[in-house]
Structures are given as C-alpha cells and as structure tokens.
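Please keep the sequence and the structure in view while reading.

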Amino acid sequence: MLLHVTQVLSPEDVARCRQRLDAADWADGRITAGYQSAKAKHNLQLPDDHPAARELGALILERLQRHPTFMAGALPRRIFPPLFNCYREGQSFGFHVDNAVRYPRTGEDRSPLRTDLSATLFLSHPDDYDGGELVIEDSFGTHSVKLPAGDLILYPASSLHQVMPITRGERVASFFWIQSLVRDEGERRLLFDLDVSIQSLTQQQAEHPALVSLVGVYHNLLRRWSET
Ligand code: NI
C-alpha cells in the first residue's frame, strides 16, 4: 500500500526546515548507501549526526506521533532518526531496494531496526523543480509520486523504487524507515482499512451498538498480529 499522508508539517515547519537546511553543508549521499545502491545513488545528504539533522529530525518525529493517518497506516514500533537529502540538477537515484536492516548512529536506541516501511517527506514545493519524482513499483504497477511540501509518502520498504533525474531546481526531502508493530504488509493493510471504516462510522453513527464490537475486532486483530 502506498499511503499519502498530508500536512505532516505546517507551512511554518517547512519554512523552518528549509532555513536550516539551505544553510547546511551537504555531503555525498553515498555515506548511507549499501554496496549495491551506492552505484545508483547520486545526491547530497546531511550527515546523520549533523546538528540540523538532529534538531529537525526531532521536530518531524514529534509531528508524526500526533498525525492520526500516519499512526494508523504505519503502526510504528520504532522510527529511524530522520535523514535529509538534496538532489540538484542532473542528480538522481536509480532503481534499488532499501537495506532490510538499519543501524541508527544517533539517538538513545542504537539497536538494529528492521525496515518495514520507507517514508519520504517532501520539503520542496513541486513548482520549484522539474523531475525528481519518486517512482515506486508494487504489485499494482508503477507509481510516480511528487507531493506538496510538508506531505509524506509511506510505502513498503521491500518495493523497488527510484528518484528521477532533476532537470531544473533542487529537491530537498527527509527520508527514514519505520519498523512496524505489524510486520506483514497485508495484515497492516487490513488493519488500516478497518480503522478508516471505524473512524468513518464514528463520524456518522457514533451511537451504533455494532461499533463497540468492530473496535473490539480491530484491537483483537492487532493483539494477534503485533509484535512489541
Ligand atoms: Ni531508497
């Protein structure tokens, strides 16, 4: 499932991020690439221990934890400290699959994290650059993603994806991975669909007696499928 999560960051948050990032010194993006993907990766990245990465990463984590769509879709157990990248004219990242396991080098918990989901949070306005689409292949076909600044796309980390070459301007984004409470993509999808339906029913018929039972089913499935 590809999930578009809108307005993770407010316009003020985006402006704050851009102010810090536009003044930062970027490094070669291959610092976090695996052996195979390093050959396909041509971009710039903020070192993960850079003060701006840590400050803005904390802001993003705080916003994510209060975003109901993100929480329902990802069911996060752990979120990798957000990283930041920049693609300038001519830069791209060819087709690859993200590493299955990541070792955080900042934050309190540095134990390995299994990457169930990948996330890209757009920090550039789409009008400010050409190219730079995130292209994701899944069992339903090929999807081209370019979102407003402050919006996020959540997709299975197992999927093949690429960032198209930039032909004008620059594309700044944050990217990170999530280890979910529910490892299986199909189970996570069912829980999300059920959650969305329950929310919708609650809006329309909050007193309906079947709602209590449906909420019970949601929690009992989550109890059955989650690992903590
Ligand atoms: Ni990737």
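## The largest pocket

In this predicted model, the largest pocket has a volume of about 360 Å³. Its lining is made up of 22 residues, and those that lie nearest the centre of the pocket are Leu61, Ile79, Phe80, Pro81 and Gly107.

Two elements, α2 (51-65) and β5 (76-79), each supply at least two residues of this lining, and the largest share, six residues, comes from α2. Sorted by class, the lining of the largest pocket has 11 nonpolar, four polar and seven charged residues.

## The largest cavity

When the whole structure is searched, two cavities of 30 Å³ or more are found. The largest cavity has a volume of about 270 Å³, and of the 26 residues that line it, Phe93, His96, Asp98, His161 and Phe175 lie nearest its centre. The elements that give two or more residues to this lining are β6 (83-87), β7 (92-96), β10 (117-122), β15 (160-163) and β17 (171-180).

Strand β17 provides the largest share of the lining of the largest cavity, namely five residues. The residues around the largest cavity divide into 12 nonpolar, 10 polar and four charged.

## The second largest cavity

The second largest cavity has a volume of about 40 Å³, and the residues that line it are Met1, Leu3, Gly73, Leu117, Leu154, Glu185 and Arg188. By class, this lining consists of four nonpolar, one polar and two charged residues.

## Strand β10 and its partners

Strand β10 gives two or more residues to the lining of the largest cavity, and Leu117, which points from β10, is among the residues that line the second largest cavity. Six of the six residues of β10 are buried, so this strand is largely enclosed by the rest of the structure. Leu117, Ala119 and Leu121 point one way from β10, whereas Ser118, Thr120 and Phe122 point the other way, and all are buried.

On which strands does β10 find antiparallel partners? One is β14 (residues 152-156), with which β10 pairs in the antiparallel sense over five bridges, and within β14 the bridge partner of Ser118 is Tyr155. The other is β17, with which β10 pairs in the antiparallel sense over six bridges. In that pairing Thr120 stands opposite Phe175 in β17, and Phe175 is also one of the residues that lie nearest the centre of the largest cavity.

Notes. Residues are numbered from 1 along each chain as its sequence is written. This is a predicted model: local features need pLDDT of at least 70, side-chain atom pairs count only at pLDDT 80 or more; totals for chains, interfaces and linings use all residues. Side-chain values use heavy atoms; hydrogens and water are left out. On a 1 Å grid over the protein atoms alone, a cavity is a set of points where a 1.4 Å probe fits but cannot get out, and a pocket is an open set with protein on both sides within 12 Å along at least five of seven lines; lining residues have an atom within 4 Å of a point. Grid points are joined across faces, edges and corners, and a volume is the space filled by probe spheres set on the points. Helices (H or I, at least four residues) and strands (E, at least two) are DSSP runs, numbered from the N terminus. Ala, Val, Leu, Ile, Met, Phe, Trp, Tyr, Cys and Pro count as nonpolar, Asp, Glu, Lys and Arg as charged, and the others, Gly among them, as polar. Buried means under 20% relative accessible area, exposed over 50%, partly exposed in between (1.4 Å probe, protein chains only). Two strands pair if DSSP finds at least two bridges between them.
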